[in-house]
Amino acid sequence: MALNVFDHDEYRPPVWKSYLYQLQQEAPHPRRLTCTCEVDNRPKYYGREYHGMISREEADQLLSQAEGSYLIRESQRQPGTYTLALRFGNQTRNFRLYHDGKHFVGEKRFESIHDLVTDGLITLYIETKAAEYIAKMTINPIYEHVGYTTLNQEPTLKKHLPQSPEAPDGPAPAKDERNAEERLTSLVRRATLRESDLAPKYEKVHNFKVHTFRGPHWCEYCANFMWGLIAQGVKCADCGLNVHKQCSKVVPNDCQPDLRHVKKVYSCDLTTLVKAHNTKRPMVVDMCIQEIEARGLQSEGLYRISGFSELIEDVKLAFDRDGEKADISSNAYEDLNIITGALKLYFRELPIPLITYDAYPRFIETGKIADPEKRLESLHEALKLLPPAHCETLRYLMAHLKRVTEYEKENLMSSENLGIVFGPTLMRAPGLDAMTALNDIRYQRLVVESLITNEDVLF
């Protein structure tokens, strides 16, 4: 269990650890070794650091003068390929060099060779000097004590902020690193978010993307400096958590999406949306279904007849722009088929379908079972594969569609007809060939039909 700072006065959040920051300041500076003679066939994206086709031995001799010196040469073994020769640790290191509009030797891409070398020297220096320290960074993370689910009262947090820095794991911190409140930036922002007691406890993995941080930045998991010039770490696109790439592998699946990062409703991951808006289900599902049921379920061809696509797109834009304040009343959209169309469009545009890619094969196998009792048992097991937010939304939708079938005489929509409409809408499998996908349509219909018919038993 995470230690709560409000119950344990002895716990004091550490200041941002500055050891790795200091090492970055100590790293060798790049020294471009220019070629004094004209070189034929020099690629236009290299400058005077290009020395043509010289051997490793020649490069080693040229670079032996100073730590951090570098040059570019064409490979003698593979003409047309290029090598970055770099002096580090009193030896010359050779890296295969690439260019696709930017320069790179690994994952990171740089505008200039100078930046690539600067970043490379920082990384080499830190990983050489602090290999053991880096390996242990995630053992006692600040995240376990100062997460955004444990700190929820800003005044109390301020009371617990240290007045003077504690001893870091590495050398003593620099003066400009000693103000804890200045360093606890986005960590405090998230820590002080009050989590509603009514919020659904859906688990969600972080949506990490490689990110370049401007200015010195510290990891919000281990509190250590994020070194390098670019792509120093990863940032969660949904909640804004900033961590080292290696720390991202051990961060708990407790992402709390922030509306400042989640800027749309349609085409947004379902769990991300409900956590960002603090709801059990996507508000678009609740609002559309409530509107449809309020206007009456007797409308002939409900869900089968399409509304005007331009107006359906208008509803989508209204949700993306206004969220739960979107006006989908009869005053705004008189034709109920526009609302049903907007609901179907929401499910079609989910990046991960309501019946997820992972669960899809199990549901399809269920649709192939002829015996009703065995199919029901198999459906019950398949539902366990869905993430909680997906399962809750499916339950709510199926209960609604069951109510639609109760007016079948008026609307002419049976569970079979609704299965035909909603099968491909709720279920999609990636990477299937056209023939397999076509064959699956039949089983998609049977799955949705069974879910509607047995809604009261399954959920």
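## Strands and their pairing

In what sense do E7 and strand E8 pair, and over how many bridges? In this predicted model, E7 and strand E8, the latter made of residues 242-243, run in the antiparallel sense and are joined over 2 bridges. Within this pairing, Val-234 stands opposite Val-243 in E8. The hairpin of E7 and E8 has 5 residues between the strands, and in this hairpin Gly-240 takes a positive phi near 90°.

Strand E7, which covers residues 233-236, also pairs with strand E6, which covers residues 208-211, and here too the sense is antiparallel, over 4 bridges. One of the residues that can be followed across this pairing is Phe-208, whose bridge partner in E7 is Cys-236.

## Aromatic pairs

The structure holds 13 aromatic pairs. Among them is the pair of Tyr-19 and Tyr-133, whose ring centres are 5.0 Å apart and whose planes stand at 85° to each other, an edge-to-face arrangement. Because Tyr-19 belongs to helix H1 (residues 19-26) and Tyr-133 to helix H4 (residues 131-135), the pair ties together parts that are 114 residues apart in sequence. Tyr-19 has a relative accessibility of 13% and therefore counts as buried, while Tyr-133, with a relative accessible area of 14%, is buried as well.

Another pair is formed by Tyr-21 and Trp-218, which is tilted, with 5.8 Å from centre to centre and 35° between the planes. This pair links distant parts of the chain, since Tyr-21 sits in helix H1 and Trp-218 in the loop between E6 and E7, 197 residues apart. Both Tyr-21 and Trp-218 are buried. Elsewhere, one aromatic cluster is formed by Tyr-45, Tyr-46, Tyr-50 and Tyr-82.

## A mostly covered helix

How many of the residues of helix H8 are buried? Helix H8 spans residues 270-277 and is mostly covered, with 7 of its 8 residues buried. The buried residues of H8 are Leu-270, Thr-271, Thr-272, Leu-273, Val-274, Lys-275 and Ala-276, and they pack against helix H11 (336-348) and helix H14 (388-405).

## Helices that pack against H17

Helix H17, which runs over residues 434-453, packs with helix H13, residues 372-383, at an angle of about 90°, and their axes are 11 Å apart. Angles of 65 to 115 degrees count as roughly perpendicular, so H13 is roughly perpendicular to H17. On the side of H13 the contact involves Arg-375, Leu-379 and Leu-383, and these meet Leu-446, Val-447, Ser-450 and Leu-451 in H17. Sorted by kind, the residues of the contact of H13 with H17 are 5 nonpolar, 1 polar and 1 charged.

Helix H12, residues 360-367, also packs with H17, at an angle of about 85° and with the axes 8 Å apart, and H12 and H17 are therefore roughly perpendicular to each other. The contact is made by Tyr-360, Phe-363, Ile-364 and Gly-367 of H12, together with Asp-440, Tyr-443, Gln-444, Leu-446 and Val-447 of H17. The residues of the contact of H12 with H17 divide into 6 nonpolar, 2 polar and 1 charged. Leu-446 and Val-447 of H17 take part both in the contact with H13 and in the contact with H12.

Methods: Residues numbered from 1 in each chain as written. Predicted model: local features only at pLDDT ≥ 70, side-chain atom pairs only at ≥ 80, totals over all residues. Heavy atoms only, no water. Pairing = 2+ DSSP bridges. Axes fitted to C-alpha atoms, helices over the stretch in contact; angles between N-to-C directions. Parallel < 35°, antiparallel > 145°, perpendicular 65-115°, else oblique. Contact = heavy atoms within 4.5 Å. Nonpolar A, V, L, I, M, F, W, Y, C, P; charged D, E, K, R; others polar. Phe/Tyr/Trp six-rings, centres within 6.5 Å; stacked < 30°, edge-to-face > 60°. Buried < 20%, exposed > 50% of the residue type's maximum accessible area, 1.4 Å probe, protein only.
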